[in-house]
Amino acid sequence: MTETDERRKTEQLPLQFTHDAARGRDDLLVSERLAAAVSIVDEWPAWPSPVVILAGPVGSGKSHLAHIWQERAAARDIHPLAGSEAAVIAASGPVLFEDADRRGFDETELFHVINSVRENGHSLLMTSRLWPASWSVTLPDLKSRLKAATVVEIGEPDEELLAQVIVKLFSDRQLYIDDKLVAYIVARMERSLGAAQAIVDRLDRLALSRGTKINRVLAAEVLSDFGNAGTGD
């Protein structure tokens, strides 16, 4: 075991208090890549179609937007599986189905959910990493319904947005770090909001455990742990 491994093994991390990132509309950092998705959420209930699908990579902000909409619309979570009450729930109000491509669904049940939403004047928001055209759907009627849905794509975060997110995440913890350190982290990290959350969390906990400030040396160590260290200064 190396000295570094031994040090990490013996470190006593402090109790992990929950630093819930604010998830309200006013806390949303809007960039060009998010503009269309934010607009569709803000425009509800005047949607162009009863079914809207937010499509984007992991960590792109889909869940944040979905939860903003869910709170605004008082929407209920559903998972359209065979024998579920998803279609019945959809008849009574707006519904949210997250990670449709990852969690899977029963095609007939999802078809009934969409019909229920359309017939009762409600809304269905779905999130997915992939466009619905890439889903493994064989039911012709469901394919037709999905083609009629409004699909909004969210791209990967750019450096400017990631920098804003990192500053905000530290601010949520009442911590403030130098802009140069933020730029150093952003240039070397995975381009996802999830990675930003994980890196900030690790930096905060590690700094507390060692009784030190968050600095470039600590950032380099954390980035290396995440496999995102760059070669340049």
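Trainee: Is the crossing of α9 and α11 left-handed or right-handed?
Mentor: This is a predicted model, so keep that in mind throughout. Looking at how α9 and α11 cross, the handedness comes out as right-handed.

Trainee: At what angle do α9 and α11 pack, and is the pair roughly parallel or roughly antiparallel?
Mentor: Helix α9 covers residues 179-188 and helix α11 covers 216-225, with the axes 10 Å apart. The angle between them is about 15°. Angles under 35 degrees count as roughly parallel, so α9 relative to α11 is roughly parallel.

Trainee: Which residues meet between α9 and α11, and how many of them are nonpolar?
Mentor: From α9 you have Leu181, Tyr184, Ile185 and Arg188, and they meet Arg216, Ala219, Ala220 and Leu223 of α11. Sorted by type, the contact has two charged residues, no polar ones, and a nonpolar count of six.

Trainee: Is Val182 buried or exposed?
Mentor: Val182 sits in helix α9. Its relative accessible area is 4%. The cut-off for buried is under 20%, so Val182 is buried.

Trainee: Where is Gln174, and is it buried or exposed?
Mentor: Gln174 lies in the loop between α8 (159-172) and α9. Phi there is positive, about 60°, although Gln174 is not a glycine. With a relative accessible area of 66%, above the 50% cut-off, Gln174 is exposed.

Trainee: Which residues does the cis peptide bond join?
Mentor: Look in the loop between α2 (32-43) and β1 (51-55), where Pro45 has its place. Omega is about 10° for this cis bond, and the residues joined are Trp44 and Pro45.

Trainee: Zooming out, what share of the contacts with a separation of 6 or more comes from residues 24 or more positions apart?
Mentor: The chain as a whole has eleven helices and five strands, and 45% of its 233 residues are buried. For contacts with a separation of 6 or more, the share from residues 24 or more positions apart is 74%.

Conventions:
Residues are numbered from 1 along each chain as its sequence is written. This is a predicted model: local features need pLDDT of at least 70, side-chain atom pairs count only at pLDDT 80 or more; totals for chains, interfaces and linings use all residues. Side-chain values use heavy atoms; hydrogens and water are left out. Helices (H or I, at least four residues) and strands (E, at least two) are DSSP runs, numbered from the N terminus. Buried means under 20% relative accessible area, exposed over 50%, partly exposed in between (1.4 Å probe, protein chains only). Contact means heavy atoms within 4.5 Å. Axes are lines fitted to C-alpha atoms, for helices over the stretch in contact, and angles run from 0 to 180 degrees between N-to-C directions. Angles under 35 degrees count as roughly parallel, over 145 as roughly antiparallel, 65 to 115 as roughly perpendicular and the rest as oblique. A crossing is left-handed if the near helix is turned anticlockwise from the far one by less than a right angle, and right-handed if clockwise. Ala, Val, Leu, Ile, Met, Phe, Trp, Tyr, Cys and Pro count as nonpolar, Asp, Glu, Lys and Arg as charged, and the others, Gly among them, as polar.
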